[in-house]
Amino acid sequence: MLLFFYFCYNKLMKKQVNIIGAGLAGCEAAWQLAKKGISVKLFEMKGIKKNPVQKLNTFAELVCSNSLRSNDNKNAIGTLKEEMMFFDSLIIQSAIKTSIPGGQSLTVDREQFSKCVTETLIKNPLINYYEKEFLDFNDNEVTIIASGPLTSIGLQNKISKLVGKDYFYFFDAVAPIVKFESINMDICFKKNRYDKGESKDYINCPMNEIEYKNFYDELIKAETIDLHLSDETNLKFFEGCMPVEAMAKRGYKTLTYGPLKPAGLRNDDGTNNFAVVQLRQDNAKDSLYNIVGFQTNLKFAEQKRVFRMIPGLENAEFIRYGVMHKNNFINSPILLNSYNQLKSNNNLFFAGQITGVEGYVESASSGLIAAINVYRYINNLDLISFPKTTVMGSLQNYIISTDSDNFQPMKANWGIVEDLKIEQKLKKEQKKELYYNRAIKDLKEFIDKYDLI
Ligand SMILES: Cc1cc2nc3c(=O)[nH]c(=O)nc-3n(C[C@H](O)[C@H](O)[C@H](O)COP(=O)(O)OP(=O)(O)OC[C@H]3O[C@@H](n4cnc5c(N)ncnc54)[C@H](O)[C@@H]3O)c2cc1C
């Protein structure tokens with residue numbers, strides 16, 4: 001009799017899924033599971049306690065840039081978004097609905113985007129939302145851990161215990177946001193690089209060499225916040241999100257090949273600039289702008305002093321200063337199989353940045369893959385690995401097959417997608433087109449084969 005009850009309890013527990021974290025990955029996973037008729041318990045703690053970069057009470061908060069990057073499907077990130085739309089991705093749909101002008105990138109009003117995701121999930125009768133810090137795993141309950149790069153300390157300790165010492169710390173940085181009305185438009189000009197896109201979405205602050213040198217000299221000696229790094233095991237900066245002052249210290253002209261690149265941003269009279277700082281629209285009202293590539297660890301007073309040396313920003317009003325933060329991820333090559341499932345406990349799945357993918361869209365894609373496999377797991381179907389020729393599958397493959405000693409988070413890019421295996425020499429653009437065509441064709445076949453939608 002006892003055995004019978006135990007059997008029934010286990011079966012019942014397997015038909016409902018816990019999701020920890022209503023971020024990009026957790027929301028996508030909840031949506032995908034509910035779409036397939038699975039009941040979800042979604043746990044999110046920000047209503048009780050926010051992490052240092054959260055501002056909103058709603059789900060799927062974009063804590064730094066408000067861009068989901070390129071829409072061009074010849075870029076891996078553009079293709080990734082297209083792949084996810086085959087599955088009706090909640091994150092991509094919501095981003096499209098709340099998009100604001102952003103040149104070739106999918107840029108959103110962060111508040112509207114987060115609201116759109118939240119409302120869709122909250123009104124779904126299969127999704128039950130619990131405002132609490134989730135701390136206790138139950139071996140009998142199927143759970144997706146999507147607690148992100150800033151997992152709460154309590155849960156971090158639990159996960160550390162669960163996965164052992166293969167748990168790493170990392171750091172990332174956020175760019176400052178300034179008020180539009182405080183930007184001097186007599187000096188700055190609106191223009192997209194190489195005039196791409198129909199509208200002019202970027203504000204450009206031009207610098208001559210003297211202005212650049214003065215700015216540079218102050219930037220490299222400005223005071224930074226002490227991160228007490230001796231407490232941490234691993235400090236590495238993401239190349240894509242490196243603090244501007246750290247990049248500057250690499251060499252006098254490094255910034256002019258990076259975020260301050262002047263190429264394609266000539267003045268209206270056709271003259272060139274030595275360097276150009278770009279600002280990108282941050283909200284639908286067009287009242288806020290973020291300084292592109294200016295993630296930073298400078299003290300707030302130093303940000304005000306040094307960034308106001310940028311021509312046009314001499315009176316800039318900072319709505320949010322740049323900050324640097326911890327970024328947690330597990331050693332997936334050792335811990336996970338290709339279905340995002342923990343090898344040592346098949347009821348536990350991981351999704352999002354905590355698995356070692358990097359970026360908003362990549363995290364949502366990881367949530368989508370986890371959800372598809374969780375659905376199959378609880379219905380006793382074979383678990384499936386996405387084709388390595390797709391961007392979704394290549395990211396998945398990357399996190400489980402990379403050298404575990406040198407494992408670092410990865411963004412979507414063609415470099416991790418399976419090679420084309422063609423002898424003939426092709427131009428970069430031709431190659432990208434072949435990658436794209438193959439990804440879409442293989443994904444369609446994969447979807448048909450497993451009857452996924
Ligand atoms: C400071 C910073 C800046 C970043 N900037 C960018 C950027 O500009 N562009 C980009 O593409 N990517 C950026 N990233 C990387 C990353 O892609 C995003 O953080 C992305 O949001 C990750 O998605 P996620 O779903 O894995 O985690 P998140 O979106 O962070 O969601 C995790 C959720 O889990 C919740 N949570 C944590 N612990 C618990 C618990 N114990 N119980 C319940 N809930 C819990 C959190 O409150 C959070 O809402 C940045 C990361 C950081 C840390």
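The model is a predicted one, in which local features need pLDDT of at least 70 and side-chain atom pairs count only at pLDDT 80 or more, while totals for chains, interfaces and linings use all residues. Residues are numbered from 1 along each chain as its sequence is written, and side-chain values use heavy atoms, with hydrogens and water left out.

**Two crossing helices**

Let's start with a helix pair. Helices here are DSSP runs of H or I with at least four residues, strands are runs of E with at least two, and both are numbered from the N terminus. Helix α2 (residues 24–35) packs against helix α4 (residues 90–97) at about 110 degrees, and their axes are 8 Å apart. The axes are lines fitted to C-alpha atoms, for helices over the stretch in contact, and angles run from 0 to 180 degrees between N-to-C directions. That angle makes α2 roughly perpendicular to α4; the label covers 65 to 115 degrees, with under 35 being roughly parallel, over 145 roughly antiparallel and the rest oblique.

Who does the touching? On the α2 side, L24, C27, E28 and W31 make the contact, and on the α4 side L90, I91 and Q93 do. Contact means heavy atoms within 4.5 Å. These residues split into 5 nonpolar, 1 polar and 1 charged. For that count, Ala, Val, Leu, Ile, Met, Phe, Trp, Tyr, Cys and Pro are nonpolar, Asp, Glu, Lys and Arg are charged, and the others, Gly among them, are polar.

**Salt bridges**

Side chains of opposite charge can pair when their charged atoms come close. The whole structure has 17 salt bridges, each being a side-chain nitrogen of Lys or Arg within 4 Å of a carboxyl oxygen of Asp or Glu. Here are some of them:

| Pair | N to O distance |
|---|---|
| R69 and E362 | 2.6 Å |
| E358 and K411 | 3.5 Å |
| E418 and K421 | 3.4 Å |

R69 and E362 meet in a salt bridge. R69 sits in strand β3 (residues 67–70) and E362 in helix α12 (residues 360–378), so the pair ties together parts 293 residues apart in sequence. E362 is buried at 0% relative accessible area, while R69 is partly exposed at 24%. Buried means under 20% relative accessible area, exposed over 50% and partly exposed in between (1.4 Å probe, protein chains only).

E358 is bridged to K411. E358 lies in the loop between β18 (348–350) and α12, and K411 in the loop between α13 (391–401) and α14 (428–449), so this pair links parts 53 residues apart in sequence. E358 is buried at 8%, and K411 is partly exposed at 29%.

E418 pairs with K421. E418 is partly exposed at 31%, and K421 is exposed at 67%. Elsewhere, salt bridges that share partners join E218, K221, E302 and R305 into one network.

Helix α14 has 22 residues and reaches 31 Å from first C-alpha to last, close to the 32 Å expected at 1.5 Å a residue, where the expected span is 1.5 Å times one less than the number of residues. Its buried residues include K432, Y435, Y436, A439 and L443, and the buried residues of α14 pack against α3.

After α14 comes D451, with a positive phi near 50 degrees. D88, another residue other than glycine, has a positive phi near 60 degrees. D88 is in the loop between α3 (76–85) and α4.
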